[in-house]
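Here are my notes on the charged pairs and a couple of packing spots, as promised. Have the model open while you read.

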Amino acid sequence: MSEEIKNQLETSDVENTDDVLVVKNLKKYFPIKKNIFGKGTKFVKAVDGVSFSIKRGTTMGLVGESGCGKSTTGRTILRLQDKTEGEVLINGVDIFSLSKEELRKKRPEIQIIFQDPFSSLSPRLPVGEIIGEAVREHGIVPEEEFDDYITRIMKACGLQEYHKDRYPHEFSGGQRQRICIARALALNPEFIVCDEPVSALDVSIQAQIINLLRSLQKEFNLTYLFISHDLSVVEHISDTVGVMYLGNMVEYAETEELFKEPLHPYTKALFSAIPVPDPNYKMDRIILEGSIPSPANPPKGCKFHTRCSECMEKCKYVDPEYREVKPGRYCACHLYNTDEMNKEVDKKMEEAKKAEAEASK
């Protein structure tokens, strides 16, 4: 390990050593137009300044509409793709500062469970080899203990020893997802990104997989980033929840607090769509008008103002600050500005209006 990485471990600025993951102002832009020199001139801002942290042994849920940047956030955190800007600290080490060899040694600690359990499994390898391939590559256990180790991992995930010689197409969707979980677990990770791991499964099987993930978390002290569209699943498994909209985090809080009293208008609209298993219950749906703006050309000011029922004039010109509005509650909305902040926002709004007027002349 290089001296630079050793220094990071010794002098890390992580405020809480219990945090397995700390993400600071993470950005990931994809170029959609380039100049003659191959440099990007127009970008899709898939992730646009996201910050959060996850404590060891807990689960953070990440929710939002399709295209808001949830999966891109998860993949960028694992360095499956390069960042544009920001920091990702795993146990105090910036993962983007690691060399290829250092990253290879770090890989077993950080794993991912993909959404589609079939396409993420090689159809040409038996299950035992799928689970054990990376174990052998990274030397997790001595060769003489290899078979027994794979068997123990499979049984921990609800699979039997005789499943080793079978191929992925011989299993049901739920069993395939158990294989994916076993493959991740076999490397003895600390942090796992669960990228919509139950969305492709039947409801009854979803419950089994969620319960499996929770039991494995307790047994192996795992830390999860759980990405999902299903708010009821997120409420069940998560300790904290972050809500994303168009590449930005708009609200973050402990699960119980967030579901009890959502603050951001977008979070309120999302939660109003959760179905209630009572035919006599009258749902008070908040219908969002219009469609999600293009991340390649987001609106000025607050990105949500074009669909927000509580939109104010300042929302059209000034982007709200993502900050702690209550103890443990983070939100990006002008509704919760202090008087001092409102004065500063009004000043910025007048400057933006003036600039807009001059540009239109």
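1. Start with Asp48 and Lys303: both are buried (buried means under 20% relative accessible area, exposed over 50%, partly exposed in between, with a 1.4 Å probe and protein chains only). Their side chains meet in a salt bridge, 3.0 Å from N to O (a side-chain nitrogen of Lys or Arg within 4 Å of a carboxyl oxygen of Asp or Glu). This pair links distant parts of the chain, 255 residues apart: Asp48 sits in strand E2 (residues 40-55), and Lys303 in the loop between helix H10 (265-272) and strand E11 (323-326). Helices (H or I, at least four residues) and strands (E, at least two) are DSSP runs, numbered from the N terminus.

2. Before you go further, a word on the ground rules. This is a predicted model, where local features need pLDDT of at least 70 and side-chain atom pairs count only at pLDDT 80 or more, while totals for chains, interfaces and linings use all residues. Residues are numbered from 1 along each chain as its sequence is written, and side-chain values use heavy atoms, leaving out hydrogens and water.

3. How many salt bridges turn up in a search of the whole structure? The count is 16. One of them joins Lys268 to Glu310, with the closest N and O atoms 3.9 Å apart. Lys268 lies in helix H10 and Glu310 in the loop between H10 and E11, so this pair ties together parts that are 42 residues apart in sequence. Lys268 is partly exposed at 27% relative accessibility, and Glu310 is partly exposed too, at 33%.

4. Now look at Glu129 and Arg136, whose side chains form a salt bridge at 3.1 Å, N to O. Glu129 has a relative accessible area of 29%, so it counts as partly exposed; Arg136, at 37%, is also partly exposed. Through shared partners, salt bridges join Glu129, Arg136 and Glu143 into one network.

5. Back to H10, which is mostly covered: seven of its eight residues are buried. Among them are Tyr266, Leu270 and Phe271. The buried residues of H10 pack against helix H8 (231-237), strand E9 (240-245), strand E10 (248-254) and helix H9 (255-260).

6. Last stop, Phe146 in helix H5 (residues 146-156). Is Phe146 buried or exposed? Its relative accessibility is 7%, so Phe146 counts as buried. Leaving aside neighbours within four places in sequence, Phe146 is in contact with Gly132, Val135, Arg136 and Val141 (contact means heavy atoms within 4.5 Å).
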